[in-house]
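Please walk through the structure below, starting with how its parts meet and ending with a few local details.

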Amino acid sequence: MDTHVHDRRRFLALAAGAAAAPLLTACGAGFGGDDSKSDGSAADDVTGSFDWKREQGTTVKALLNKHPYTDALIADLKSFTAKTGIKVEYDVFPEDNYFDKLTVDLSSGRASYDVFMLGAYMVWQYGPPGWLEDLGPWMRNSSATGAEWDQADFFPNLLQAGQWSLRAGAPLGQGGQYALPWGWETNVVAYNTEVFRKLGLKPAESFDELAELAASIKRKAPGAGFDGMYGIAVRGSRSWATIHPGFMTMYARNGLKDFTVDGGKLTPAMNSPEAVAFTEDWARMVKRGGPPSWTSYTWYQCSSDLGAEKAGMLFDADTAAYFQAVKGASPASGKIAFHPGPKGPDGSLATNMWIWSLGMNAKSEKKSAGWLFLQWATGKEHLRKGAITHNHIDPVRKSVADDAAYKDKMRHLPGFLETFETVVDQTKIQFTPQAQFFDATTSWAAALQEIYGGKGAQSVLDGLADDLAGKVG
């Protein structure tokens, strides 16, 4: 569940301390790199046959965000302790101060926590100052990692999202592995089947169709018995989280980039003629078919409005709709269907994603035990149990996504499985990796609000590009 709704200014200020920390000038080989080299990793100290009990009697400390994934983990911790003899102590914080807590701890070098939850985007903040353990050497060491962990079972695009060379603008999937995928969200369209049936509508296959559909629902739904319903829920608050779900997905499907990279130099591209035209169209869609108080809309409002039958459609994380669609969850329960969303002009279904990941503190003194925990928490057995008996979705492992019991659980949601299977291979982080990501996207959201409010898109986006060029370039 992507609940990134609070103002990130405190997080940004805290993370800015990374600028004062020594940057890593070299990156470890990726998980596909030379097995004989691990750059002096503590993983080198683990030798002999793999043994789940090798750290029996150790205690590791975990920092966790309040989340359904965390609920599934805590419910299963006894299994981990029985398997390893390792005790896990944990603190759980709500997300409105979780990243503040994590940033302070990592930047202090105290290693109060050995392992923790983080978003894949946070690797761009936490990786360069050396706060994150490169997990690649642990993954490559057969003494440290059991064969049943089965690295090839992860969806490759998810594993690559946590692998980076620590160089701004460099593509993901190269360099050290600084986070492991744990649970994720793809961004698609969910819609109210009852209003679609009554109005004779079908899901949009192009962005122009989506905009017209949103306006049509807002105009016609009240006359069909859906008082106060508007067309489409999308995020609009002044937060980086406004950019990354529906907006960035449709932006990418139109073949657009946030930055261009030439010789290691990043140049903002959100003011290109094509990007300006798309942004104008997006703001116009929201104006004609979105909620009246759009500039305050976060994950919570978008998800809740779909469930309360205030919104006819939602373009956001699939889990935002899932938690409203399950039996008894909301007035719209049993009336929500899923669709990949509009294709780009060339048929693209490029989709942006959010990944909750797990990482290890580079300063931890219990890395061997911490790696056993990460290995178990991202392993097949625990993730299958979490997906089936709890709400640990979307699965990061192919075996869980293909599991018959998991499919039986999800089959009652019209289009959910089909939509997932359609977009999973085209879903990746569509942003350019760089340490100013949160600041840049928050400024981008502010620019989007200005355009929605009536200011000229070209001048607003030119101003944004000029501002970012001085910070990122």
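This is a predicted model: local features need pLDDT of at least 70, side-chain atom pairs count only at pLDDT 80 or more; totals for chains, interfaces and linings use all residues.

Residues are numbered from 1 along each chain as its sequence is written, and side-chain values use heavy atoms, with hydrogens and water left out. The mean pLDDT (the predictor's confidence in each residue, from 0 to 100) is 92 for the protein, and 92% of its residues reach 70 or more. Over residues 1–38 the pLDDT stays under 50.

Domain 1 covers 59–185 + 354–428, and domain 2 covers 186–352 + 432–470; these bounds come from an automatic or database domain assignment. Their contact (heavy atoms within 4.5 Å) takes 29 residues from domain 1 and 32 residues from domain 2. About 2600 Å² is buried between domain 1 and domain 2, and carbon and sulfur atoms give 65% of this area. Buried area here is the accessible area (1.4 Å probe) that two parts lose on being put together, summed over both. In domain 1, Tyr-121, Trp-124 and Glu-185 lose the most area to domain 2, together 23% of what that side buries.

Among the elements that each supply at least two residues to the side of domain 1 that touches domain 2 are helix 4 (123–126) and strand 6 (180–192). Helix 17 gives the most, with four residues. Helices (H or I, at least four residues) and strands (E, at least two) are DSSP runs, numbered from the N terminus.

Elsewhere, Lys-343 forms a salt bridge with Glu-205, with the closest N and O atoms 3.1 Å apart. The two residues are 138 residues apart, Lys-343 in the loop between strand 11 (336–339) and strand 12 (353–360) and Glu-205 in the loop between helix 7 (193–199) and helix 8 (207–220).

Two backbone details remain. The peptide bond from Ile-393 to Asp-394 is cis, with omega near 0°, and Asp-394 lies in the loop between helix 14 (380–389) and helix 15 (398–401). Asp-150 is not a glycine, yet has a positive phi of about 55°.

Notes. A salt bridge is a side-chain nitrogen of Lys or Arg within 4 Å of a carboxyl oxygen of Asp or Glu.
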